[in-house]
Amino acid sequence: MNPSDIDLKMMRRCVELSAEAVRANELPFSCVICRDGEIVAEATNRVVRDGDVTHHAEILAISAAQRALGRNNLSDCTIYSNVEPCPMCSFPIRETKIGRVVYAISSPMMGGHSKWNVLGDRQISDVMPQVFGDAPEVCAGLLYRDAATVWRSWNPLFWFGIRLRGCLAESNNDAMAILQPQPQRRGLTRRFITWMTQMLPGKRAVASAPPRTQPKIVG
């Protein structure tokens, strides 16, 4: 199974946007949200321009997508990022119930899946199903080399240092790995029963993190 034409098109747009961010004196972070093969919203970081550390590309794009669609349920959307979303960006992904997350460069130090696993945590949707959606499908590595080229061209020394510190990962290819398959969607009744069960005395122990599945290479 190869990445779809839509996946490739959207990630290429992410790479283009990351280069635009550099020209605007921002760090090369970018994001595209897609629904039915069409772009709903896109954004780059605006941390420098707006003087606001919360203005990450994903947060801005999610806000724009909600306005464009007139709803906060984005379960029929896919979010594409040139770099793995951080925990701050991953929580809105879960709250808006985005069904699929695709990124080019993994972030072992800051990633919302690789490090903190906000994107894969099922407990938050079990305990608060009225707030958080089920864990999305997570895919990594698509067009890694294209995304990395923008970072390297922007600042070779910074690119070397951030990889040396383990903040961004290295890859030798552009193959897309399915890190987390999309789980079967649970109905409201089942989620309510799960929530009620966890409310019972003695059932509130913190769940251990689910075992990481072996990445499935696509392409």
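Is Ser30 buried or exposed? Ser30 is buried, with a relative accessible area of 0%; here buried means under 20% relative accessible area, exposed means over 50%, and partly exposed is in between (1.4 Å probe, protein chains only). Before we go on, please keep in mind that this is a predicted model, in which local features need pLDDT of at least 70 and side-chain atom pairs count only at pLDDT 80 or more, while totals for chains, interfaces and linings use all residues. Residues are numbered from 1 along each chain as its sequence is written, and side-chain values use heavy atoms, with hydrogens and water left out.

Let us stay with Ser30 for a moment. This serine lies in strand β1 (residues 30-35); helices (H or I, at least four residues) and strands (E, at least two) are DSSP runs, numbered from the N terminus. The Ser30 side chain reaches the backbone oxygen of Cys14 at 2.6 Å.

Next, have a look at the charged side chains. A search of the whole structure finds 12 salt bridges, each being a side-chain nitrogen of Lys or Arg within 4 Å of a carboxyl oxygen of Asp or Glu. Glu16 is partly exposed, at 45% relative accessible area. Arg13 also forms a salt bridge with Glu42, and here the closest N and O atoms are 2.7 Å apart. Glu42 lies in strand β2 (residues 38-44) and Arg13 in helix α1, so this pair ties together parts that are 29 residues apart in sequence. Glu42 is partly exposed too, with a relative accessible area of 32%.

Another salt bridge links Asp76 and Arg71, with 3.1 Å between the closest N and O atoms. Asp76 counts as partly exposed at 35% relative accessibility, and Arg71 is partly exposed at 29%. Returning to Arg13, salt bridges that share partners join Arg13, Glu16, Glu20 and Glu42 into one network.

What about the cysteines? A disulfide is a covalent bond between the sulfur atoms of two cysteines, and the search counts a pair of cysteine sulfur atoms within 2.5 Å. Over the whole structure, zero disulfides are found. Cys86 is in no disulfide, and the nearest cysteine sulfur, that of Cys89, is 3.7 Å away. Cys86 is buried, at 17% relative accessible area.

Cys139 is buried as well, at 0%, and brings us to strand β5 (residues 137-140). Glu137 and Cys139 point one way from this strand, Val138 and Ala140 point the other way, and all are buried. Strand β4 (residues 100-105) pairs with β5 in the parallel sense over four bridges; two strands pair if DSSP finds at least two bridges between them. Val101 has Val138 in β5 as its bridge partner. Strand β6 (residues 176-180) runs antiparallel to β5, joined by three bridges, and Ile178 in β6 is the bridge partner of Cys139.

Finally, come out to the surface, where Leu157, Phe160 and Leu164 form a nonpolar patch with about 380 Å² of accessible area together. Leu157 is found in helix α7 (residues 156-164) and counts as exposed at 67% relative accessibility. Patches are made of residues with over 30% relative accessible area and no salt bridge, with like charges joined within 9 Å and nonpolar side chains (Val, Leu, Ile, Met, Phe, Trp, Tyr) within 5 Å. The accessible areas come from the Shrake-Rupley method with a 1.4 Å probe, and for residues only the protein chains shown count as cover.

Methods:
Polar contact = N/O pair within 3.5 Å; in protein donor to acceptor, adjacent residues only side chain to side chain.
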